[in-house]
Structure formats: C-alpha cells, structure tokens
Amino acid sequence: MKLPVYLGLLDEAEDTLAKSFRVVAHGHGEEPDVHFLLETLARQCDSHRQALRPVIERYGEETEGEEEHRLTANGIQEVRSGPLALLLDLQDLYVLVSHLDVTWMMVGQAAKGSRDGQLLDVVTRCEGDADLQLRWLRTRMKQAAPQALLVAE
Amino acid sequence: MVDRIADIWGARTPYARGGQWPGRVDMALQAGVDAGDVDEWVQSACVLCSNGCGCEIAVKDGRMVGIRGRASDRVNHGRLGPKGLFGSWQGVQHQDRLTRPLIRENGRLVETDWDTAMGRIVARSKELLASKGPLSHGFYTSGQLFLEEYYALGIIGKAGIGTPHMDGNTRLCTATAAASLKESFGADGQPGSYTDIDECDAVFLYGHNMAETQTVLWSRILDRLSGPNTPRLVCVDPRDTEVARAADVHLPLRPGTNLALMNGLIRELFVNGWIDREYIDAHTLNSGQLRSVVDRWTPELVAEVCGVAASDVRRAAAIFGTSERVLSTVLQGFYQSAHATASACQVNNLHLLRGQLGRPGCGILQMNGQPTAQNNRECGADGDLPGFRNWENPEHVKELARIWNVDPAVIPDWSPPTHAMQIFRYAEQGSIGFLWISATNPAVSMPQLSRIRDILRKESLFLVVQDIYLSETAQYADVVLPCAGWGEKTGTFTNVDRTVHLSEKAVEPPGEARSDLDIFLDYARRMDFRDKDGGPLLDWNAPEDGFEAWKRCTRGRPCDYTGLSYEKLRGGSGLQWPCNDEHPYGTERLYSDGDFPTDAAYCESFGHDLLTGATVGSIRYKASVESGKAWFKALDYTPPHEEPDKEYPFRYTTGRTVYHFHTRTKTGRTKPLNDAAPEPWLEVSAEDAEKLGVSEGDKVRVASRRGRLELPVRVGNIRPGSVFAPFHYGYWDVAGPDDGGRPRAANELTLTEWDPVSKQPVFKNAAVSIEKSPGKEPE
C-alpha cells in the first residue's frame, strides 16, 4: 500500500507550490495581475492541503522514502531579474503545477480503485484547480512571450 | 427659461407605461443671439456622455453659437443635458485651442508646421520598426473619436504595423460591459433599448448614478416615475445619490462587495422559484453551476458582507423576481470595482434566469461611459478585432485579411490584445518606444498618477499626443498634433443602445488643426502602408469612404451596418444596428428569439475563466458549447485586495459629477459648468466628519499607499467608513505636484489593479487615511 506515500508527496507538492506562488507574487509586484492572482492561487493550494488533512490523518503519514521519490526540487526560492525574469519564473511555476496536476490524477485513480469516497470527493474538488492554474499560466505566458523574446532589453 | 444648471433634468413630461415619451426641445444660444439670427442648423449628436442625444448645432458667421435637441430623435426626443447645453460648442471654442503642431526642442514644446511634426513621427516610427519591429509601437485612443477614425486607426495598427498593443480609454469605462456581454452571450452588443424604459415595470440601477452620468436618460425615468403605473426602482450604490433617493429599495453596500450582493440576489430567484425553467432549458447552459456557486449567499450572509439589511436584499430580489418586465442598467460602480466582469455577468444571469430579454421593457443596458466607446469596441482600435471578430478564430483573421487585402500573418492574432495598463507597463519597461495617444488624458484618468507621470516623461518613450487642448498628458509629449473637435469634422458614432448618428461638420477647425481622420490617413500615406497588390492600404479621401469601408467589414457580423448610409442617417432619427437588408430600419432589441451568437464559428470570444482570466480556448469551447445558447458564468465572492486597516482605515471610491466630463478638457473651459463645480472635494459621512473633527469646507489630507491629496470636505450622502472624490480634476488650470502645487487628482490615490477578464482598472476601492490639514490655508 503505497498510497500514503503519494498523499505525502501531494501534500508536499501543494506546499511547495504555494510557497513558490508567493515568492513569485512578491518578487513581481510590479506586475499587479501576476501579483494578485498568484496570491489567490497560493490560497487555493492552502485550501487543498486543508482538504487533504483528514485523508492523510486516516491513512497515516508515511514519509519513508519521500525524499528519494520526490520528483521536483524545492520549488522557487527567489525570483530572477532582467527582461526574461517574469517569463522564466512563470515557466518554472508551470512545471511545478504540471507535476501536481498529474499527481492529483494518479491519486484520483487510486481513490477510485479503492472506492475511497472521501478521498475521491477531495480529488474532485481540487484537481480542477491545477488545470485552471495551468491554463492561466499559459494565457499569461502567451501574452508575455513575444514582447520579452523580441523587444525587451 | 429654466436654469438648467440648477434644474439638471428640466421640467417633467409624465407618461404611462407603453406610452410615447413626450417631446421637449431644449436649446441654448450664445448670449445676444436669437434663433432667428442663426444662419444654419447642422445635424449632429452630443458627445458629452454616452447617451448620444440627437442635436443640431447653430452656426452664425462661420462660428458655432448654439445647440438644440432633435425632437425626432429616438434617444432624447429633443432634450439635452447641462453638459450638452453648456459644454458642447462652448467647450471647443475656447481660446486655449491648439492651432499649430508642437514639437519638443531642448526640452520645450515649440510651434512648428505639419510637415515637420509628421516627419518626426514617421522618422521615429520607421526607425523603431526597422530596429525593434512592430511590438515597439503602441496606440492609446479614446471614446471620443468617430467610427471612421477608429477604423482607420484599427487598420493602421493591425494591418499596417501589425501590433497587438492598441487600446482605448474605453478600457477605463466600458471594457467590462463588452467583456460581460461576450462571456454571457458570445459577442458584444447591447441586448436592450432605451425604449425599454417606456415599457418596464421595474428598473435596477447597478453602480449607475444615471442622474448625473446620463441626465437625459434619467429624465426619461423621472417622467415614468411621475406618470401613472410607475415602475419600481432599485438602486445599488454606496452613496446616497439622486437615484438612491428616488428608489423603492436602496442597497448602500460597501464598496468592493458587489459580487456578494449579486450572488445573493441570484440565490433568492432560485429558492423562491422566480425562474423560467423552460427558457433556461431552451436557451442557456450551466445553470447547475450557477446554482451551486450562489448556494451559500443567504440574505443574512449578504447583509454581513455588504453591510446592507437582509430584508432589503429580499425586497430587491422580490421586485426582480415578480415584476412582469425588468430593465437593468449597469455602470462604473460595477465596472470599476472588484470582480467587475463576474458582477456584470450576474446581471446578465438574472435576466437569463427569468427569460427577461429581447421583449419590450425587458432589457439589459451594460452602459458605456463615453459617446463613441461602442465604436472603439467595434472597429478594432482597442484590442478586439474589427466587426466583433474572434482573435482566436483563424477563419475570422483570414476574413479580415481578405477585406484588407493583406497577408493574414500581419494581423496580430497570436496574442491576446494588449490592454491599456499593460501597454503602459511595456512603456515603463522600455519595450514600447513609440506611443501615440489620441483624445485622452491618462495623466489624470489612469490609476496611480505618480507612476503614469514617470512613464510619460521617460526618455526612452517617443510620445505623440493628439488633442484639441494642451492637456496634462500633451505636456509630456514629443510631438503634439492639434485636431478638429466636435462640429469641426464629419463622422458617425454609436451610443449605448446601438443607435448610430451622423455628426456633420458645422464650422472650420481653428488655425491649422485637422481632423483625427486626416491625421491618421496622412500617417498611413507617409508610412507608405500597402496592401498585397501594392495599392495603398488606406485609400480613403473622406469620412464617407471610411464609413463605406466599415460597412463591408461588418457584413454578416452582429454589428451589421450594411443597411446604413450617410444619406439614410440625415434627417429623422438615428438608427440602431444591426441594420441590413433584413432590418432596413435597424433592430430595436437583440435576442428576441433567445438565439445567442455563441456558435463557435461565429462568436466573438471563446470566453474566460472569471477568477483568473485564463482563456477557455477553442477546443474546450467547442466541446461544451451548444450553438445559440447563452452561458451562465459565475464566480464566488472573495474580499477585495486592499481592505481598510489601522493605517488606512477608510474605503476610498471615485466617480463623477454631473457638471463635468472626463478630465474637464471641455467642461472646465465653460463658465456655467465650471462655476457649478469649480473644485474637487472629499465626500465624508456626517458620522466620520464628527469623528475626524472636520466640518463642511475644511481642508483634509487624504493618503493611500500610493499618494496623497489635499481637498475640502463635503459632508453627507455616503455610508460611514467610505469616502468619495470626483476624478475629473487635474492640473491644467492649477499648479500640479511636479510644480509644487497641491495634489488634487483623485487618481493620485488609486491602485494599479485590474479585473482579470475585462482588464478594467479598479478605481472604486482603495484604503485611505484622512486627517485635518494643519494650520493655515495653503496658497
């Protein structure tokens, strides 16, 4: 039964993402849409962790081996500077959210397989947010890319 | 004669439901001129608010000397408001008019000739296009130009240069109206008609102080209110306005909490069964999602969050839910607040839930703030593609390329249109090096003014400003182009309820001033923009050529102009689009058949997520759309981003006064209007005034995290904890902060933040502190 390991990974990934959202939000305060929206998305991550808590309590926290299983690094510790900074930081976030997105998918599969109604309910409520986060990041990067790659100095 | 400065709405002409609004011709003539002395009356429509009142300009000896309303016009039946009467011809004939082009030499603006001025513009433009490409160029225009001018600019930007960096100050006033219509119905286009006022049983005004912003439209409501079988009135506004005083229910909610109230009203409709299930099933999608989003918004929760009485929420909902015919109007109180698009969509949703659309008296007026804002949205001088085409639909882009005979690759469809705030951000960062501003004044009208001033004075930015006066913005320009104003050029424009008017040239512009259209065409010629076959991209010689070109661009689109012509617009009344072979005299209401323009091949937008602004995209849209059905779009409420705290304990909101328009470039130059409202003020509740130890007329210092103001206090008429300042006042007639003057522009304090979908800045909610100004009167 390795589901508890994945629940731990999921919880940690949400935590990492929330922190990374806040780092980028703080570091790009000059881009108000990015700033305010990433704050909102960070709160989404917080609420996902909140929703996961009873499930994790039920399965018990099995953290053994988490370190070696972890797929992503420690998230974003600080923002970059220069004309490409925003684009690169958003792209880093995109990688983090993608990782989370498929993690939710896999945990959801396990929830279905084990007919765990409580977990399935959590997955149903939360997994759409990762997809939305990806869509927003794509929308914003699509807007920023031509200017940053072609004109900015 | 009635004093129309004091008596803003004039004498009542009562009428009953279903009746014809009686005519009343309002007129103002220059002192000493009688109607009999007038050489000629020239047809036009007023440009001092978004109402679009049909009028005639009196001309004597080659000068404009007066104005009167056109009794035959469907919009105003002869009436004019105080701004039209006292600020129209007077507002453009002031001695301050720019009469020659100006260029910056050794840091100072000096007069020059057109060749030199245009030569400088074209040289810089070509140089930047060669070195950095089209994304180095931005265009920021207005809600004041004519249709033909926007369309010319749209073609220049999108097919000549190929930049997505085009927007109008319509972003500040009407972007949310457009966005909410696109999200709900698939395309822009006002569903309702002003005649819905004649037919309705209830009117809801959401964040819309109509009594001051569209005085003639308010007269129409007042006349219904003073006739038999009066409509019931509901007002959503934190201030105790004239509208609020006339209302059956006034909901004086806290600024920033509109969405909570709207979710509560929607919920009441569901729980009381005030919905039309048959209509919902036949004509809409996503009612289940709407129901679940509003589920927690009981009247009690609304009361707690919004600071209004739960019983009033119930009463308002009951009026909406049980009146036979409901009309809703929405303006800046919603558009310039938190959750702008989501709140405006909830107004659409209320109507969809009851099938209150497309029938007499049942309408939505997602208002515009400006007379020609609609045309900017239609013609593509803002971010959108002309003719309500969808930038994410390759077929629409190809169609435009065919119409313009250009390579589709030139048209910037690969990116969402760049909104105004982002254009200024790129200028701030230096990647936009050429910015052309026409007929608008961001140095007063944009949020966080100290930042805007820093951007405008940047060395890396070549700034062209085209205006009739040397505005605060023009003072930062590298080249200033003097243009013809209203009455000095010919063109068409379209008001809130899709009524198209022709405004004819009455007199010559002063000095060497030229029409905006002539200036754009001159730029296109000098830039040598060409189509695929080597012909000139813009071969128009006169405004009517532009109108005919525009008609071709609109064929088959929601804003179909093909049935209109200058000739048809002369005499009689303005006509409402769509106007084509099928509807030769226009169309009073949209969506009478419940058929919405949501088909994937036809719609203007695939929509957005209301929380983030993420685009839905064509694949997801096509997978979920049922062609012809409208969308219920909903979002849960979250508190605004800047809430009052210990340091900044008051909620600050901004708005308008009846006597001024925009940044007073015209209205501040006419004596009756300026005398009526010579100075800005801070409106404070009696309770707060007492706490602060200030009384009427005392000067206070108001500060936010972004700047400060010094203003005299006006006591009353606002909910405690909130304060209000009018946004019109800048520094062209007094010393500004750069010159050691007292800061007085309301936008010194506002926040740089915008709605994620409409990108409209949030002017209506900031946290401020207030203290009594120390000691003696400032100079």
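Me: Which strands does helix H15 of chain B lie across?

Reply: Helix H15 (residues 310-322) lies across strands E9 (202-206), E10, E11 and E13 (326-330) of chain B, at about 125° to E11(B). Helices (H or I, at least four residues) and strands (E, at least two) are DSSP runs, numbered from the N terminus. Angles run from 0 to 180 degrees between N-to-C directions of lines fitted to C-alpha atoms, for helices over the stretch in contact (C-beta atoms, placed from the backbone, within 7 Å). This is a predicted model: local features need pLDDT of at least 70, side-chain atom pairs count only at pLDDT 80 or more, and totals for chains, interfaces and linings use all residues. Residues are numbered from 1 along each chain as its sequence is written, and chains are lettered from A in the order written.

Me: In what order do the five strands of the open sheet in chain B stand?

Reply: Strands of a sheet pair through backbone hydrogen bonds, either parallel or antiparallel. Here the order is E11-E10-E9-E13-E14 in chain B, with parallel pairing (at least two DSSP bridges between two strands). E11 (249-251) and E14 are at the edges with a single partner strand each, so one side of each has no neighbour in the sheet. Three bridges join E10 (residues 232-236) to E11(B); in one pair, Cys235(B) partners His250(B).

Me: Is helix H6 of chain B enclosed or open?

Reply: H6 (residues 175-185) is largely enclosed by the rest of the structure, because 11 of its 11 residues are buried (20 or more other C-beta atoms, placed from the backbone, within 10 Å of their own). Its packing partners include helix H17 (340-354) and strand E14 (363-366) of chain B. Gly186(B) follows H6(B), with a positive phi near 95°.

How values were computed:
A residue is buried if 20 or more other C-beta atoms lie within 10 Å of its own, exposed if 12 or fewer, and partly exposed in between; C-beta atoms are placed from the backbone. Two residues are in contact if their C-beta atoms, placed from the backbone, lie within 7 Å.
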